[in-house]
Amino acid sequence: MTHRVAIVGAGPSGFYAADGLLRANPELRIDIIDRLPTPHGLVRAGVAPDHQGTKAVARQFDRLLAQPDVRFAGNLEIGRDLTWDELRAAYDAVIVATGMVIDRKLGVPGEAEPLVWGSWRFVAWLNGHPDFRQGPDLSAVRRVAVIGNGNVALDVARLLAKSAEEMAKSDIVPAAAAAIAAAPLTDIHVIGRRGPEHASFTGNELGEMGRLARAVSVTDAAALGGQPPASDPTPERLRKAKNLEILKGFAGNTPGSKPVTVHFRFNAAPVAVRPGELELTTGVLPVDLSITCIGYTGEPFPTGEGVFAVGWARRGPSGTIPTNRGDSHAVAQQVAAWLKQRDPKSGPDPLPPCVNAAGWHRINKAETAAGAAQGRPRVKLTEWPALLEVARES
Ligand SMILES: Cc1cc2nc3c(=O)[nH]c(=O)nc-3n(C[C@H](O)[C@H](O)[C@H](O)COP(=O)(O)OP(=O)(O)OC[C@H]3O[C@@H](n4cnc5c(N)ncnc54)[C@H](O)[C@@H]3O)c2cc1C
């Protein structure tokens with residue numbers, strides 16, 4: 001008899017936890033459970049569709065699913081299809097890797113769809129998440145405010161700003177790509193409530209904003225006088241100094257010199273949203289749509305003996321994919337040590353019928369074949385019935 005571990009959430013932290021468990025004890029039986037019929041969490045549904053290099057980590061995760069004692073259990077939502085108590089009773093340990101993707105609110109009057117969209121709902125739409133098949137109506141959207149100063153704000157601004165040709169090799173959902181290409185967009189305002197010396201952008205992502213075919217990035221040189229806080233650790237100071245250097249380059253650009261202008265605005269916080277305008281602490285901006293990129297919260301999950309959390313569910317919504325690796329490996333060590341002191345439970349297989357790894361491979365194959373026909377990495381299946389039907393095909 002060997003111990004049985006349930007990992008709830010097939011995103012990066014769940015897969016890295018499985019990897020860490022197998023390194024600690026290759027005998028363990030591991031079920032990686034996800035409410036979606038597809039694995040990879042935000043690598044599939046959050047990471048921008050034009051950043052295929054970042055998404056490539058999914059191949060490592062799929063290799064884990066080929067291990068004999070690792071099972072994928074998709075289309076199985078804990079709390080709906082199985083209770084957390086049932087899970088705890090059936091497994092020797094439960095690892096919660098459910099992430100954190102409820103859009104945080106600005107908390108200002110007028111904040112509701114269709115005027116204000118959360119970045120998760122927006123990016124999930126572009127990425128084909130089956131729960132978010134409706135995006136904002138962009139048909140009359142000329143000016144967009146992207147509120148936030150992290151890389152998600154840059155993702156959103158870039159995905160709106162890129163030309164159809166620049167998106168041609170991505171796996172953006174075709175209907176979303178068509179809606180963006182057809183929108184009469186002229187101005188995108190990236191808005192930070194503090195100065196640029198505090199922005200959380202990283203250099204590669206900010207630099208990319210200076211190399212877009214149909215969009216020019218601009219900012220006001222007067223906002224760039226600050227210095228990164230001296231109390232910051234050196235890597236943070238270097239990152240922020242690099243941001244300032246890139247922004248100084250943007251300050252020399254001419255607004256309107258390309259069809260779309262991306263304005264980086266700092267020291268401005270939203271006060272109220274009204275049709276056609278966004279009121280900021282610095283004045284009123286004509287804006288047809290605002291997209292908030294100000295972080296996420298999550299659903300509570302049970303704690304208790306034998307339950308361990310990893311990734312965004314444990315640490316909150318910050319950290320990149322690689323951050324989850326060290327974190328999940330450390331928790332996996334704790335889980336393995338904890339299991340060593342206990343006898344394995346016995347009992348029938350706890351998994352109800354669900355989408356297994358073979359089902360996911362069928363979805364993957366169908367999507368990549370549809371993509372190959374168009375010179376894209378994949379064209380995603382985005383509807384629940386289609387996903388489940390393809391997963392079931394023999
Ligand atoms: C828009 C966006 C863009 C990003 N871009 C990058 C990037 O370019 N590079 C980078 O390194 N990082 C990026 N990140 C961060 C990265 O995605 C996270 O660090 C990482 O995905 C967190 O992993 P996780 O496993 O904790 O959560 P997630 O990836 O969110 O995985 C959680 C999984 O749990 C499942 N789940 C939730 N509840 C249940 C339940 N009750 N039952 C069963 N399953 C459940 C979900 O379906 C999901 O698959 C981005 C994040 C966002 C939001």
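Me: At what angle do the axes of helix α6 and helix α7 cross, and within what distance do they come?

Reply: In this predicted model, the axes of α6 (residues 119-126) and α7 (residues 151-161) cross at roughly 50° and come within 11 Å.

Me: Why are α6 and α7 called oblique to each other?

Reply: Angles under 35 degrees count as roughly parallel, and 65 to 115 as roughly perpendicular. The crossing is at roughly 50°, and α6 and α7 are therefore oblique.

Me: What is the handedness of the crossing, left-handed or right-handed?

Reply: The crossing of α6 and α7 is left-handed.

Me: Which residues of α6 and α7 meet?

Reply: From α6 come Ser 119, Phe 122, Val 123 and Leu 126, and they meet Val 152, Asp 155, Val 156 and Leu 159 of α7. By class, this contact has six nonpolar residues, one polar and one charged.

Me: How is the chain divided into domains?

Reply: Domain 1 covers 4-101 + 298-392, and domain 2 covers 104-296. Their C-alpha centres are 31 Å apart.

Me: How many residues does each domain give to the contact?

Reply: Domain 1 gives 22 residues and domain 2 gives 21. On the domain 1 side, the elements giving two or more residues are α2 (42-45) and α14 (384-392). That side divides into ten nonpolar, six polar and six charged residues.

Key: Residues are numbered from 1 along each chain as its sequence is written. This is a predicted model: local features need pLDDT of at least 70, side-chain atom pairs count only at pLDDT 80 or more; totals for chains, interfaces and linings use all residues. Axes are lines fitted to C-alpha atoms, for helices over the stretch in contact, and angles run from 0 to 180 degrees between N-to-C directions. Helices (H or I, at least four residues) and strands (E, at least two) are DSSP runs, numbered from the N terminus. Angles under 35 degrees count as roughly parallel, over 145 as roughly antiparallel, 65 to 115 as roughly perpendicular and the rest as oblique. A crossing is left-handed if the near helix is turned anticlockwise from the far one by less than a right angle, and right-handed if clockwise. Two residues are in contact if their C-beta atoms, placed from the backbone, lie within 7 Å. Ala, Val, Leu, Ile, Met, Phe, Trp, Tyr, Cys and Pro count as nonpolar, Asp, Glu, Lys and Arg as charged, and the others, Gly among them, as polar. Domain bounds come from an automatic or database domain assignment.
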